[in-house]
Amino acid sequence: MYHKLVDMHVHTDNSPDGNHSSMFICEKAELMGVRALAFTDHCEIDTYYKENYDKRVIQSYFEISKAQSAFRGKVLVLKGIELAQGHYDKQLSSDIINKFDYDVVIGSVHALRKTKDFCHLDGYTEENVRVYTEKYLKEIYNMVKWGGFDILAHLTYPFRYFYSKAGIEISLSDYKEQVDAILSLLAEKEKALEINTAGLRLPINKLSPEFDTVKRFKELGGKYITFGSDAHYATDICAGLDEAYDTMKKAGFKEFTIYQKRTPIIMPIE
């Protein structure tokens, strides 16, 4: 059991799929002894206006700020955003990031260009899953190349849906060249790799990414590693933290990272 309960990826009800308010989640966090958590509500660049993220982002920041004030001295509340597909519209992404005083920006890819989120797609087959994976990794690389974020979230995001919807398992080891290019660039740009534990609560029952990828990131010069539960319910904050910390240590990391004012803060894993 680890004592430093820190979660850098938590969603409130200002995310379309979130379920609890920032105040309620902070109450739960205080009872659990959580030291710090980052609220990182969704912001999908490709559907920014269509799905009202322009309004959601403002409301999220406002409510996080209230929680930060209310729980000062009890829980370190960090103001964040999960900016998905940010490189699809770099100017809009820049405008969003610069509009508020964020502590952390998470970068993710939930959808390929002009398609639905992987969680909403159907008809997965062995053949099209390989195509999707190659295109997805290419977009991840392009996002890292853009670099307007601090943490790369859930590197194997679509794999959870390939498995739950079609029973298809994908391994990053089959895409070594693409993955190495992503990890090398991530390390070069001094961005953090997230160990996301949402998959442990889903049928796929895996970390995202798994140990081999975390270890490879370390070998390629990766310096910053973070933990994110990707909680959408208050009961899931810090879920899977022990598994994530174990994986970090086994991969060679002695420290993990949190962010304040877009600045990495290193903390020992203990």
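Mentor: The count comes to 2 cavities of 30 Å³ or more, where a cavity is a set of points, on a 1 Å grid over the protein atoms alone, at which a 1.4 Å probe fits but cannot get out, and lining residues have an atom within 4 Å of a point. This is a predicted model, in which local features need pLDDT of at least 70 and side-chain atom pairs count only at pLDDT 80 or more, while totals for chains, interfaces and linings use all residues. Residues are numbered from 1 along each chain as its sequence is written, and side-chain values use heavy atoms, with hydrogens and water left out.

The largest cavity has a volume of about 40 Å³, a volume being the space filled by probe spheres set on the points, which are joined across faces, edges and corners. Its lining consists of Asp41, His42, Val57, Ser60, Tyr61, Gly80, Ile81 and Tyr102. The elements giving two or more residues to this lining are β2, α2 (53–70) and β3, helices (H or I, at least four residues) and strands (E, at least two) being DSSP runs numbered from the N terminus. Of the lining residues, Asp41 has Ile81 in β3 as its bridge partner.

The second largest cavity, of about 30 Å³, is lined by Tyr48, Asp54, Val57, Ile58, Ile96, Lys99 and Phe100. Here α2 and α3 (90–99) each supply at least two residues, and α2 gives the most, with 3 residues.

How values were computed:
Two strands pair if DSSP finds at least two bridges between them. On a 1 Å grid over the protein atoms alone, a cavity is a set of points where a 1.4 Å probe fits but cannot get out, and a pocket is an open set with protein on both sides within 12 Å along at least five of seven lines; lining residues have an atom within 4 Å of a point.
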